[in-house]
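Keep the structure in view as you read.

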Amino acid sequence: MNKRLFILFNFLIIFVSILDYKVIPFYERLGLDLSNQFAFHHCVDDSKVVYKIPAVECPDFEIRPYIYPPLLYAFFSWTRLFDSIDFAYYFFVILYIISFLAIIYIWSDKNLVSILFGLALFFTFPSLFLIERGNSDLFITLSWSLGYYFYSMKKQWKTGVFLAFAVFAKLYPVYSLIVLSGNLIKNYVKNIDAIRSFLISAFCFLLMTPYMWFIYIVDVLPKWMRSSLPMMNITHSLKS
């Protein structure tokens with residue numbers, strides 16, 4: 001298929017998908033996921049392990065426990081700068097827009113059509129859902145994108161840092177690690193610096209909070225994987 005026709009066809013898909021906002025399971029307040037980060041950053045001091053704190057002591061909008069990996073907990077330390085969840089959410093939206101534009105810049109062909117195509121993605125279901133929830137996935141996508149960008153610029157040490165962050169900031173780090181390892185090891189000699197950087201960065205991330213990582217891996221993550229929430233407006237599912 002001609003590239004221009006392909007882009008035009010995808011424009012049409014995006015235009016139609018904009019109407020999908022009607023099926024987004026909007027919550028009664030903006031920033032449901034962010035409220036969990038905000039709550040636990042405002043009630044836990046550095047002497048306590050966030051995973052050991054009952055949800056009722058750090059209530060978010062739905063009084064949920066903290067289930068995110070330690071690296072993501074550290075990333076959202078900026079929420080402590082705000083006394084109000086509303087102001088924290090407004091700041092999140094600013095970060096979200098900046099990150100979204102950066103991703104567009106990295107992956108576009110630097111021409112008007114591809115940039116407009118990228119901007120149109122902002123109004124699709126995944127993007128609207130992430131911004132409505134105050135979700136962290138776009139920041140992880142930005143980290144993957146920066147890893148790709150620096151790899152294409154032959155700056156492998158920077159590549160490894162961003163790839164390590166993208167892996168260990170996810171709820172399921174093992175899946176990302178398997179996919180990434182296969183691609184890096186396939187061209188081991190060519191990617192040796194990226195591999196070294198990744199391993200050093202991963203070690204540093206784990207060493208920052210080793211006890212938190214231990215609890216997260218052996219206790220928090222298994223419990224979360226065994227849980228099964230029905231489709232409703234507080235889960236990441238479409239309305240049934």
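The lining of the second largest pocket divides into 12 nonpolar residues, five polar and one charged. The model is predicted. In it, this pocket has a volume of about 390 Å³.

**Second largest pocket**
- The pocket is lined by 18 residues.
- Closest to its centre are Ile104, Trp107, Phe117, Gly118 and Leu121.
- H4 provides the largest share of the lining, with five residues.

**Cavity**
- The structure holds one cavity of 30 Å³ or more.
- About 50 Å³ of space lies in the largest cavity.
- Its lining is made of Asp33, Leu34, Gln37, Tyr68, Phe76, Gly134, Asn135 and Ser136.
- By class, three of these lining residues are nonpolar, four are polar and one is charged.

**Nonpolar surface patch**
- H4 and H5 each supply at least two residues of the patch.
- H5 gives the largest share, four residues.

**A closer look at Leu116**
- Why does Leu116 count as partly exposed?
- Leu116 counts as partly exposed because its relative accessibility is 42%, and that class lies between the cut-offs of under 20% for buried and over 50% for exposed.

Notes: Residues numbered from 1 in each chain as written. Predicted model: local features only at pLDDT ≥ 70, side-chain atom pairs only at ≥ 80, totals over all residues. Heavy atoms only, no water. 1 Å grid on protein atoms, 1.4 Å probe; cavity = no way out; pocket = protein on both sides within 12 Å on 5 of 7 lines; lining within 4 Å. Points joined across faces, edges and corners; volume = space filled by probe spheres on them. Nonpolar A, V, L, I, M, F, W, Y, C, P; charged D, E, K, R; others polar. Buried < 20%, exposed > 50% of the residue type's maximum accessible area, 1.4 Å probe, protein only.
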